[in-house]
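Q: Could you take a close look at how the helices pack in this model, and then go on to the spaces and the backbone details that can be described elsewhere in it?

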Amino acid sequence: MNELADYDFDLPPELIAQSPLENRSEARLLIVDRKTQTISHRRIRDLPEFLKPADTLVVNDTKVIPARLIGRRSRTGGAWEGLFLGLDSQGLWTLMSKTRGKLESGEIIALETPDGQPGLALELRKKTSDGNWIARAKTEEPALTAIERVGRVPIPPYIRGGKMLPSDRENYQTVFASEPGAIAAPTAGFHFTKPLLDEIQALGIAVVPVTLHVGVGTFRPITAERLDEHRMHSEWCSLGSENAATIRSRRTSGGRTVAIGTTSVRVLETVCQAKGELAEFAGETSLFIRPPYTWQAVDVLLTNFHFPKSTLYILVRTFGGDQLIREAYAEAIRLEYRFFSYGDAMLIV
């Protein structure tokens, strides 16, 4: 299964969810059982029935920052749009940029706040080898403070054409978000509410955080025809020593590691590849999970439904079993499950 064409499928566009359910625990949950090779249908609220007291739920606690920037070029007055990607070692901003015409070093971009007020000025310094820009923000504010003031939630283009609603500031965030740094959400976590978490923990199940700051690399389309020719962009991730010890000890005692989302999977598997076991880790990951792959850390996966020919869909097929996940997706489409960020979920046990 090394050909990208093997991971294509037809998705009716009307199945792409444009907003979350008012009660997130009412989302549909497709159960894929690898042992019995069966598929069944429940709701997220039923998740505790499929968990065991010794299990560990591993969640990604990254927090989405309002990284989408809107402004105007001072030289031409033309519209400019960008995406904040992070800071370099000198505190300069790294940006994706989109505008008409050619940008020049030294050009000033006047950013606007979401309500159309003057925000701050960016001075473009230099273009990077991968087409991004390095810029100096003309402000004394810390970068994340400035971004919170002038930025917009980076809603994916398949949701309302990327247009942010005020409600997205809360909706496009998980209940365990605490570590700012992502420009896209770990969307499997959207399904959890505080009451559902309380119910899960009351069963004796541990909820353990990892961090992976989701970047553009996770969602860039694969352009190579063969999977072994695709190179993932790196993303920063971490696992604390105490949390690693919790997962190890509970797994040794017969509990399962239940990864909430593909980002949690990539953290755990990255750590095992780097350390040989689940241990303290902080660093970059460019792990692309594809067949053949030997799983070391994850036993159960809760995930949303993903794009055809995406690295995330390939990961899920690798974990769940190729033919079984094909059948699960076909069933989800037939029964009109809601797809992508604000959509329904799948539990692979």
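A: Helix α5 (residues 262-275) and helix α6 pack at an angle of about 70°, and their axes are 11 Å apart; that makes α5 roughly perpendicular to α6. This is a predicted model, in which local features need pLDDT of at least 70 and side-chain atom pairs count only at pLDDT 80 or more, while totals for chains, interfaces and linings use all residues. Residues are numbered from 1 along each chain as its sequence is written, and side-chain values use heavy atoms, with hydrogens and water left out.

Some terms need their limits. Helices (H or I, at least four residues) and strands (E, at least two) are DSSP runs numbered from the N terminus. Axes are lines fitted to C-alpha atoms, for helices over the stretch in contact, and angles run from 0 to 180 degrees between N-to-C directions; those under 35 degrees count as roughly parallel, over 145 as roughly antiparallel, 65 to 115 as roughly perpendicular and the rest as oblique.

The crossing of α5 and α6 is left-handed, a term used if the near helix is turned anticlockwise from the far one by less than a right angle, with right-handed used if clockwise. In this contact (heavy atoms within 4.5 Å), Thr 262, Val 265 and Arg 266 of α5 meet Leu 312, Leu 315 and Val 316 of α6. These residues divide into 4 nonpolar, 1 polar and 1 charged, where Ala, Val, Leu, Ile, Met, Phe, Trp, Tyr, Cys and Pro count as nonpolar, Asp, Glu, Lys and Arg as charged, and the others, Gly among them, as polar.

Helix α6 (residues 311-320) also packs with helix α7 (residues 322-334): their axes come within 6 Å and cross at roughly 120°, which makes α6 oblique to α7. The crossing of α6 and α7 is right-handed. On the α6 side the contact is made by Tyr 313, Val 316, Arg 317 and Gly 320, and on the α7 side by Asp 322, Leu 324, Ile 325, Arg 326 and Tyr 329. By class, the contact of α6 with α7 has 5 nonpolar, 1 polar and 3 charged residues.

Turning to the spaces, a 1 Å grid over the protein atoms alone is used: a cavity is a set of points where a 1.4 Å probe fits but cannot get out, a pocket is an open set with protein on both sides within 12 Å along at least five of seven lines, and lining residues have an atom within 4 Å of a point. The whole structure holds 2 cavities of 30 Å³ or more, and the largest cavity has a volume of about 70 Å³. Its lining includes Pro 20, Phe 190, His 191 and Arg 338, and the lining residues divide into 5 nonpolar, 3 polar and 2 charged. Grid points are joined across faces, edges and corners, and a volume is the space filled by probe spheres set on the points.

Finally, the backbone: the peptide bond from Pro 291 to Pro 292 is cis, with omega near -10°, and Pro 292 lies in the loop between β15 (281-285) and β16 (300-304). Arg 160 has a phi near 55°, a positive value in a residue other than glycine, and Arg 160 has its place in the loop between α1 and α2 (168-171).
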